[in-house]
Amino acid sequence: MTEFTFDLLATDSGSAARRGRMTTRRGLIETPIFMPVGTQGTVKAMLPEALKEIGAQIILGNTYHLFLRPGHELIRNLGGLHRFMNWDRPILTDSGGFQVFSLGALRKIDEEGVRFQSHLDGSSHVLSPESSIAVQEALGADIIMAFDECIPYPASREYVAESTARSGRWARRCKLARSQGDGAALFGIVQGGMHPDLRAGSVNELLEIGFEGYAIGGLSVGEEAALMYEVMDNTLPLLPRDRPRYVMGVGTPENLIEGVSRGVDMFDCVMPTRNARNGVLFTSFGKVSIKQARYLADPLPVDPDCSCYVCGNYSRAYLRHLYQSNEILSSVLNTHHNLHYYLGLMQGVRDALDGGRFGEFKKDFYRKRADNPS
Ligand SMILES: CC1(C)O[C@H]2[C@@H](O1)[C@@]1(COC(C)(C)O1)O[C@@H]2CNc1nc2cc3nc(N)[nH]c(=O)c3cc2[nH]1
Ligand SMILES: [Zn+2]
């Protein structure tokens, strides 16, 4: 029996945006929410205490990576992923399907699952619906994801239909493979490529099986933003209002605002953390590439409107110096600021929804960027 609930607290008058609250066995999650990605049991360059200080409520882990290294049994024997990484708030784990295809080598997919060679040492492995659920339960994640195939883009309609049907069969196997009494919530993942009818078929199959939440997969795979929004427009209205909706791998700040407007509750993306390590900082007026010469002697904080520790204590000149010098602190400070920006943006969304002023919030978001084209 899972201790998972979702309450819809408010809906926006002028859009499909919604304010909600999830209850998991490790605490509450206020939605809409952005989830920092902690692929290998760490949100890169961030101490758990710093994540809490900037308001992170839940983070992501990856089955594929932790299964390969250090191994899910080792982590279970050491008390589970929360203990292992000293994070006592909720963790959502992705099921491995996507990562096998983005990282694994020599993959072979069949009804059983996916055979692949490790990108680390070339060793051969299989991930199946049953083994993916077993790994996620061993890790002790609070929200676990069905094992699916994230269909590459572009793909033929025939392949999309076949793969989506197989992911539907896998979803059923995932639900059957769950251990009784494991308090984690299991989310189904909608596939169907960019075809509204195949998306609807995938939704119907998942609803018939029944999950605690529903993710929209197969997006943020190189498609244009307009196409991503079209799939959201077609798919979100088909999902139950009283269950969380999670769009995987999304996205830029604009993607988050547009996704919220369409009724998305949960997001995750490597963008804030990956861009931080590449010296690209997110601000209320757009992106700042800190390596640019114009910041050489700039005494201002990266975003004068930002209340984070980094903007309160360091100049653009110093952040540029750290980046140019390839200093470790560059990743630490840039990541802190970028995650603070993403989490702060979603806090602003929640506050605006609480106050019935999401429409104004969205207008203000775009005006600030238009005033300062980066
Ligand atoms: C490969 C790597 C690290 O994953 C990120 C990142 O690069 C990158 C490359 O460009 C950006 C957009 C910045 O994000 O694309 C990935 C984010 N898009 C994405 N993540 C997903 C995860 C998924 N998991 C499952 N189980 N099923 C899915 O259908 C699924 C779809 C997804 N789409
Ligand atoms: Zn800042």
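Me: Where does Ala45 sit?
Reply: Ala45 is in the loop between strand S4 (33-35) and helix H1 (48-53). Helices (H or I, at least four residues) and strands (E, at least two) are DSSP runs, numbered from the N terminus. Its phi is near 75 degrees, a positive value in a residue other than glycine.

Me: Before I go on, what am I looking at, and how is it numbered?
Reply: This is a predicted model, where local features need pLDDT of at least 70, side-chain atom pairs count only at pLDDT 80 or more, and totals for chains, interfaces and linings use all residues. Residues are numbered from 1 along each chain as its sequence is written, chains are lettered from A and ligands numbered from 1 in the order in which they are written, and side-chain values use heavy atoms, with hydrogens and water left out.

Me: OK. Which loop has Asn86, and what's its phi?
Reply: Asn86 lies in the loop between helix H4 (81-85) and strand S6 (91-94). Its phi is near 60 degrees, again positive in a residue other than glycine. At 41% relative accessibility, Asn86 is partly exposed.

Me: What kind of peptide bond joins Tyr153 and Pro154?
Reply: A cis one, with omega about -5 degrees. Pro154 is in the loop between strand S10 (143-145) and helix H7 (157-177). The peptide bond from Arg69 to Pro70 is cis too, with omega near 10 degrees, and Pro70 lies in the loop between helix H2 (63-68) and H3.

Me: Switching to the metal. What coordinates the zinc ion (ligand 2)?
Reply: Cys306 (SG), Cys308 (SG), Cys311 (SG) and His337 (ND1), at 2.1 to 2.3 Å. Donors here are N, O and S atoms within 2.8 Å of the metal (3.2 Å for Na, K and Ca); water is not among the atoms, so sites may look incomplete. In sequence the donor residues are spaced C-x1-C-x2-C-x25-H. Cys306 and Cys308 are buried.

Me: And what geometry does the site have?
Reply: Tetrahedral, with angles of 100 to 114 degrees among the 4 donor atoms. Four donors count as tetrahedral if all angles lie between 85 and 135 degrees.

Me: Now salt bridges. How many by the rule?
Reply: The count comes to 25 salt bridges. The rule wants a side-chain nitrogen of Lys or Arg within 4 Å of a carboxyl oxygen of Asp or Glu.

Me: Which partner does Glu73 have?
Reply: Arg76, at 2.8 Å, N to O. Both lie in helix H3, 3 residues apart, about one turn of the helix. Glu73 is partly exposed at 38%, and Arg76 is partly exposed at 42%.

Me: What about Glu212?
Reply: The side chain of Glu212 meets that of Arg178 in a salt bridge (3.5 Å, N to O). That pair links distant parts of the chain, 34 residues apart: Glu212 is in the loop between helix H8 (196-209) and strand S12 (213-216), and Arg178 is in the loop between H7 and strand S11 (185-190). Glu212 counts as buried at 15% relative accessibility, and Arg178 counts as buried at 16%.

Me: Last one, how much of the chain is buried?
Reply: Of the 374 residues of the protein chain, 56% count as buried.

Conventions. Tetrahedral: all angles 85-135°; square planar, octahedral: opposite > 155°, others 65-115°. Buried < 20%, exposed > 50% of the residue type's maximum accessible area, 1.4 Å probe, protein only.
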